[in-house]
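Visitor: Could you walk me through the packing and the charged pairs in this model, reasoning step by step?

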Amino acid sequence: MKICITGSHGVGKTTLAKALAKKLKFNLVPDVVRMKGGAFDLGFPVDEATLPETQFWILSKQLELERNTRRPWISDKSLYDNIVYGQATFKDKRVIELLSEIVFRNAKYDLIIYLARFFSFLIYL
């Protein structure tokens, strides 16, 4: 089983992923941006100044982690996030098309959980 949680910054994706992984005894795919050796550690800007090269690095690292993490797993990111960030950041349509092509070819999830920005919830696990 492969589960990813997606949504805006600060909605609780990481908190939910960790809680579900613990409760379900699933492996947790590390956060490619925050993990040791991740984008932040390497000094990559992950904001409006993100370069296409950085976004492709994040995409390839996320894909590597998803492929190499033993199933069942849960992740607080998805490959689809790269398309959203690309559309928000890059003006070059070819960059967005290439990101999309790679994502659609490789994103294979059993369940995608979307956390809305203004959605309040309680989870009892």
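**Core contacts and salt bridges**

Guide: In this predicted model, Tyr-109 touches Lys-2, Cys-4, Glu-66, Trp-73, Ser-78, Leu-79 and Tyr-80, leaving aside residues up to four places away in sequence.

Visitor: Which residues touch the most other members of the largest nonpolar core?

Guide: The largest nonpolar core has 20 residues, and the elements that give two or more residues to this core are α2 (52-68) and α4 (93-106). A second, separate core of 10 residues includes Ile-3, Ile-5, Ala-17 and Phe-26. Within the largest core, the residues that touch the most other members are Leu-79, Val-103 and Tyr-109.

Visitor: Is Asp-31 buried or exposed?

Guide: The side chain of Asp-31 meets that of Arg-34 in a salt bridge at 3.0 Å, N to O, and Arg-34 is exposed, with a relative accessible area of 55%. Because buried means under 20% relative accessible area, Asp-31, at 11%, counts as buried.

Visitor: How many residues apart are Asp-31 and Lys-77, which link distant parts of the chain?

Guide: Asp-31 forms a salt bridge with Lys-77, with the closest N and O atoms 3.3 Å apart. Asp-31 lies in the loop between β2 (27-29) and α2, whereas Lys-77 lies in the loop between β3 (73-75) and α3 (81-89), and the separation of the pair is 46 residues.

Visitor: In which helix do Glu-64 and Lys-61 both lie?

Guide: The side chains of Glu-64 and Lys-61 meet in a salt bridge at 3.6 Å, N to O. Being 3 residues apart, about one turn of the helix, Glu-64 and Lys-61 both lie in α2.

Conventions. Residues numbered from 1 in each chain as written. Predicted model: local features only at pLDDT ≥ 70, side-chain atom pairs only at ≥ 80, totals over all residues. Heavy atoms only, no water. Core = buried A, V, L, I, M, F, W, Y, C linked by side-chain atoms within 4.5 Å. Buried < 20%, exposed > 50% of the residue type's maximum accessible area, 1.4 Å probe, protein only. Helix = DSSP H or I, 4+ residues; strand = E, 2+ residues; numbered from the N terminus. Contact = heavy atoms within 4.5 Å. Salt bridge = Lys/Arg side-chain N within 4 Å of Asp/Glu carboxyl O.
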